[in-house]
Amino acid sequence: MASVRNLKKDINYVLGDIIEAVYLYEMTTTGKPTPASDALIDEAITSFDGLITKVNQKNVENKKAHFKQINKDLEAAANQLVDKINAL
């Protein structure tokens, strides 16, 4: 883990790209938001908020392990969201 700042940027970029993919799906299919796409965007925002809260925790015993776990959580959340986008 290079830095906390880079981890925050990764979280922002990955989940931002997922939200952008949902918007592209909306534009290319219906041209307007659907309840399913709105739910995906809400889930991505919730994941973002949860991960940033974990990054900002101060009372962590083993910081290296904590940040590795956050990175794994980001990857799992991103894969889950991408699978849901592909299922639309």
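I take buried to mean under 20% relative accessible area, with exposed over 50% and partly exposed in between (1.4 Å probe, protein chains only). By that rule, 27% of the 88 residues of the protein chain are buried.

This is a predicted model, so local features need pLDDT of at least 70, side-chain atom pairs count only at pLDDT 80 or more, and totals for chains, interfaces and linings use all residues. I number residues from 1 along each chain as its sequence is written, and side-chain values use heavy atoms, with hydrogens and water left out.

Next I looked up the fold. I get 3 helices and 0 strands, in the order α-α-α along the sequence; helices are DSSP runs of H or I with at least four residues, strands are E runs of at least two, and both are numbered from the N terminus. The C-alpha box is roughly 50 × 20 × 15 Å along the principal axes.

Then the H1/H2 pair. The axes of H1 (residues 4–28) and H2 (residues 35–55) come within 10 Å and cross at roughly 175°. That makes H1 roughly antiparallel to H2, a label for angles over 145 degrees. For contacts (heavy atoms within 4.5 Å), I noted H1 residues including Leu7, Ile11, Leu15 and Ile19, on a list that meets H2 residues, among them Leu40, Ile41, Phe48 and Leu51.

I also checked contact range: of contacts with a separation of 6 or more, 68% come from residues 24 or more positions apart.

Last, charges. I find 11 positive and 12 negative side chains, with the centres of the two sets 11 Å apart; Lys and Arg count as positive, Asp and Glu as negative, and His and the chain ends are not counted.

Terms used: The place of a charge is taken as NZ of Lys, CZ of Arg, CG of Asp or CD of Glu. Axes are lines fitted to C-alpha atoms, for helices over the stretch in contact, and angles run from 0 to 180 degrees between N-to-C directions. Angles under 35 degrees count as roughly parallel, over 145 as roughly antiparallel, 65 to 115 as roughly perpendicular and the rest as oblique.
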